Amino acid sequence: MKSIKSAGDRFFAVMAYIIVILSIMSTTVMWNYLKGAFIPIGTYRYLLLAISLLLVLVTNSYNFKDLSFITLIICYLLVFIFFSQINPFKYFSNLCMPLTASLLIVFVYYQHGKGNLLLASYANIVLIVAGVSLFFYFFGSILGLRIGAIDTNYYWADNPHFTTSYCYLYFHQPLQDQMYLGHHVIRNTGIFTEAPGYTLFLLNGLIIELFVKKSKTFWRIGLILVTLLTTLSATAILLGALAVLISFLQYLQAQGKLNLKIVIPVFLLLLVLGVIVIRIRKSGGSSYSVRVDDLRIGLTLWSQNPVFGVGFGNEGALIKMFAFHRANNGLSMGLTTLMATGGLYLALYFLVPFFTTLFAPSRRYLLPVSILLLLEIIISNISTNPVYLMAMALLWYATLNDLREQRVFARTNSIPAFTFRAERAFLDIKRAFRWECSFTLPIYFLAWSGSVSKSS
């Protein structure tokens, strides 16, 4: 029985890494945009859906109570197709399909008490990517040592751009660099086409380290924080500092050294001051102006079509309302963009778990994660990002399972499943990190070698 259990653990661990890597690859990682890349981003989403269905069949996960919930969610989303005349296939492939895959994957892993493996694999990959990017950032971009440097082109918004690749594991993109006080400053974008995408990738890893792991490893947290700073992103500075502050306040509260009646007003004041500082810092550049314009456009269009919006994927309606010329047609404010194109109908899927968290018995653990994920979608256009959809699926399950106050998912050898309930809610995933890392490097290497072959 021990060998069978070990084989099952290894199967779930390997699949977790494959799932996480496919989810990351279906975002704005540079490998997808290099000259000669031939795998469309949508292909990764089809693979995720196939894996999710395979997991349900192979693991005999037939808990109809939870499968019925998934079915209701999918039916709710499919109804939107009948009210939107804007490219139903794009809506299905970009939102319904990856969302279905995320819900099924999370369901299977929680059903078998292996939810921690998904989180552990993501956190391990974040650590590896952060470490690699820091190495090449300091020794390559900053010090000018061209270690395995290859000058190549990538295609972003159908336009060719120049970039320098370091062994195809790190990319220096001059377009992302900025000027501060008259000095040229290089930004660390890692394997992503832009700093904001890399920022959110790192922030999710930081959330896991701070709020999911029962025992915190400070060198892991420090590595992520240093990498966040090198992105020179206001989003990274604000959300990273907020995450650390919330974690520290939680620690003081657990030690009985925190008076929330005093801390909350101070905390809100600091938050307001932080927003003001960022506004002053950004007001002289285009980033702040774009966000303000996106906010105005999103709320205006939503007020005209409050229930179903102007049609999912109908970015043209937003682009027509741009108040000034932009270098590209990118949209930044995710929640208002979602409400403008999908109305309150689609936005409810993303908003409901955040509000139900307020009433969950273990909100002490769920609320920080909920707040940070909500801030992510407010300030970033990531409503179709498979990694974010996976995080939303995790939050849905955690909240609903906690509110039901019963153990829905299966037990293994009398060890309770990962349910987020009270202090026993978060399993100590330290043991998983010890041997699961052996899977991370080979899979990461395979993804890299594949990108090299596509770009050569």
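**Entry 1: rings**

I looked up F80 and found it buried, because its relative accessibility is 0%; buried means under 20% relative accessible area, exposed over 50%, partly exposed in between (1.4 Å probe, protein chains only). The model is predicted: local features need pLDDT of at least 70, side-chain atom pairs count only at pLDDT 80 or more, and totals for chains, interfaces and linings use all residues. Residues are numbered from 1 along each chain as its sequence is written, and side-chain values use heavy atoms, leaving out hydrogens and water.

I searched the whole structure for aromatic pairs and noted 24 (Phe, Tyr and Trp rings, the six-membered one for Trp, with centres within 6.5 Å; planes under 30 degrees apart are stacked, over 60 edge-to-face, the rest tilted). F80 and Y91 have ring centres 5.1 Å apart and planes at 50 degrees, so I logged the pair as tilted. Y91 is also buried, at 2% relative accessibility. I also logged F192 and F201 as a tilted pair, 5.3 Å centre to centre with 45 degrees between the planes. Both F192 and F201 are buried.

**Entry 2: core**

I noted 108 residues in the largest nonpolar core, where Y109 and F201 have the most contacts (a core is a set of buried Ala, Val, Leu, Ile, Met, Phe, Trp, Tyr and Cys residues joined through side-chain atoms within 4.5 Å).

**Entry 3: T227**

I found T227 buried, with a relative accessible area of 0%. Not counting residues up to four places away in sequence, T227 touches A130, S133, L134, N188, Y198 and L202 (contact means heavy atoms within 4.5 Å).
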